[in-house]
Amino acid sequence: MQRTGNHRVGAFVVRNMYGDDQTVRRILTESGDTWAVVGLSSNPGRAAYGVAALLQRHGKRIVPVHPKAETVHGERGYASLADIPFPVDVVDVFVNSDLAGQVADEAVAIGAKAVWFQLDVIDEAAYDRTRGAGLDMVMDRCPAIELNSPR
């Protein structure tokens, strides 16, 4: 199982242990266009808000998942992944690492194709379970950085 990949942040190349570049590209280009963004609220000061807007600009349908079930960027929100009444391709996770494993398990349960843990969201056991269930997964990376990275 490959866990390594590098990405560039400014002038620095950062080594990533939880997702190779091929998996990142596959999730971004082949896994589907419906992305549930767990932790997305209407707060424009949160990273999830900006990343969700960028995903939309790149043709992704975002689905806000937050206990408040708010409408964000024109998309109806849901309190949990299980509440979403249509298929979800990718689950993008903006929650604390302590909660992320449960979200990954829920992503497997709803039949998602991939799970993406954002920067600083790491749960190695969840990574192993999710990959073992046949889903693509990356951790500690950001799709906004990857989509804007010249590769």
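Colleague: How many bridges join β5 to β6, and how do the two strands run?

Modeller: In this predicted model, β5 and β6 are joined by four bridges and run parallel. Two strands count as paired if at least two bridges are found between them, so the four bridges between β5 and β6 qualify them as a pair. Within β6, Ala-114 is the residue that stands opposite Val-90.

Colleague: What makes β4 and β7 the edge strands?

Modeller: The open sheet has five strands in the order β4-β3-β5-β6-β7, with parallel pairing. β4 (61-65) and β7 (136-138) each pair on one side only, and they are the edge strands. On average, neighbouring strands of the sheet are turned by 15° against each other, direction ignored.

Colleague: Which strands does α4 touch as it packs on the sheet?

Modeller: Helix α4 touches β6 and β7, and its direction makes about 160° with that of β7. Contact here requires heavy atoms within 4.5 Å.

Colleague: Why is Ala-48 called buried?

Modeller: Its relative accessible area is 4%, and buried means under 20%, so Ala-48 is classed as buried. Ala-48 lies in helix α2 (residues 47-57). Leaving aside residues up to four places away in sequence, Ala-48 touches Val-37, Gly-39, Leu-40 and Phe-94. From Ala-48 to Pro-64 there are 16 residues in sequence and 9.5 Å in space, C-alpha to C-alpha.

Colleague: How do you know that the span of helix α3 agrees with its number of residues?

Modeller: Helix α3 (residues 97-110) has 14 residues, and at 1.5 Å a residue it should span 20 Å. The C-alpha atoms at its ends are 20 Å apart, so the two values agree.

Colleague: Which residues of α3 are buried, and why are they said to line one face?

Modeller: The buried residues are Ala-100, Gly-101, Val-103, Ala-104 and Ala-107. Viewed down the axis of α3, they fall within an arc of 165°, so they line one face of the helix. In an α-helix there are 3.6 residues a turn, so residues three or four places apart point the same way. The buried residues of α3 pack against β3 (34-38), β5 (90-93), β6 (114-117) and α4 (124-132). Turned away from the buried side is a face that carries the exposed residues Asp-98, Gln-102 and Ala-109.

Colleague: What makes the approach of Asn-96 to Asp-98 a polar contact?

Modeller: At the start of α3, a side-chain oxygen of Asn-96 comes to within 2.6 Å of the backbone nitrogen of Asp-98. The cut-off for such a pair of N or O atoms is 3.5 Å, so this distance meets it. Just after α3, Gly-111 takes a positive phi of about 85°.

Technical notes. Residues are numbered from 1 along each chain as its sequence is written. This is a predicted model: local features need pLDDT of at least 70, side-chain atom pairs count only at pLDDT 80 or more; totals for chains, interfaces and linings use all residues. Side-chain values use heavy atoms; hydrogens and water are left out. The expected span of a helix is 1.5 Å times one less than its number of residues. Buried means under 20% relative accessible area, exposed over 50%, partly exposed in between (1.4 Å probe, protein chains only). The arc is that of the directions from the helix axis to the C-beta atoms. A polar contact is a pair of N or O atoms within 3.5 Å; within protein, one must be able to donate a hydrogen and the other to accept it, and residues adjacent in sequence count only if both atoms are side-chain atoms. Axes are lines fitted to C-alpha atoms, for helices over the stretch in contact, and angles run from 0 to 180 degrees between N-to-C directions.
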